[in-house]
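Here is a short report for a reader new to this structure.

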Amino acid sequence: MSDFSLTITPRFYETDAQGHISNVTIAGWFEVARTALLGRVLADDMSSQVQWLLANVNIDYLAETHFGSDVTVTLEKLQVGNTSLTMSCVMTQQGRECVRGKAVLVNIDPHGRGKCTISDELRGQLRALFPQET
């Protein structure tokens with residue numbers, strides 16, 4: 001569904017005693033994927049054009065993720081709301097689906113700090129990445 005994916009090489013310190021990747025690390029990897037997508041859309045103007053507040057994160061751990069093998073994070077779905085953006089991702093390791101996650105980001109006015117409508121220009125840029133989404 002998406003051409004947007006990135007590869008993460010697990011580091012030893014991200015593991016527990018059994019070599020499993022820590023749950024906190026998984027949440028961090030989803031943040032890396034979200035930030036990479038927004039950076040791709042907003043280029044170098046992320047802080048002045050729009051600011052995002054993380055409103056909700058859901059992570060389903062489907063299988064163990066281990067040290068020693070790369071993990072691919074793929075953005076599967078992007079929903080653009082009036083003031084929010086919902087991103088759904090999947091993580092795979094060695095062809096096996098390990099984790100599914102969804103995050104809701106709210107567009108915040110950098111001056112008033114309240115919710116702010118996503119501009120038509122930004123909405124268009126985001127939808128260009130996922131033309132089948134509404």
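## Cysteines

Cys116 is partly exposed, with 29% relative accessible area. Cys98 is buried, at 1% relative accessibility. Buried means under 20% relative accessible area, exposed over 50%, and partly exposed in between (1.4 Å probe, protein chains only).

A disulfide is a covalent bond between the sulfur atoms of two cysteines. A search of the whole structure, taking a disulfide as a pair of cysteine sulfur atoms within 2.5 Å, finds zero.

## About the model

This is a predicted model: local features need pLDDT of at least 70, side-chain atom pairs count only at pLDDT 80 or more, and totals for chains, interfaces and linings use all residues. Residues are numbered from 1 along each chain as its sequence is written, and side-chain values use heavy atoms, with hydrogens and water left out.

## Strands

Helices (H or I, at least four residues) and strands (E, at least two) are DSSP runs, numbered from the N terminus. Two strands pair if DSSP finds at least two bridges between them.

Strand E5 (residues 96-108) runs antiparallel to strand E2 (residues 51-61), and 10 bridges join them. Asp60 stands opposite Arg100 in E5. E5 also pairs with strand E4 (residues 84-93), again antiparallel, over 10 bridges. Here Cys89 has Gly101 in E5 as its bridge partner. The hairpin of E4 and E5 has two residues between the strands, and Gln94 takes a positive phi near 55° there.

## Core

Which residues have the most contacts inside the largest nonpolar core? They are Val73, Leu85, Met87 and Met91, in a core of 28 residues. Such a core is a set of buried Ala, Val, Leu, Ile, Met, Phe, Trp, Tyr and Cys residues joined through side-chain atoms within 4.5 Å. Strand E1 (5-8), helix H1 (23-42), strand E3 (71-80), E4, E5 and H3 each supply at least two residues of this core. The largest share, seven residues, comes from H1.

Met87 is in contact (heavy atoms within 4.5 Å) with residues including Arg34, Leu38, Leu75, Gly101 and Leu105, leaving aside residues up to four places away in sequence.

## Helix H3

The buried residues of H3 are Leu122, Arg123 and Leu126. They lie on the same side of H3, because they cover an arc of only 100° around the axis. That arc is taken from the directions from the helix axis to the C-beta atoms. The face turned away from the buried side carries the exposed residues Asp120, Glu121 and Ala128.

Ala128 belongs to H3 (residues 120-129). Its relative accessible area is 58%, so Ala128 is exposed. Ala128 and Val41 are 87 residues apart in sequence, yet 9.4 Å apart in space, C-alpha to C-alpha.
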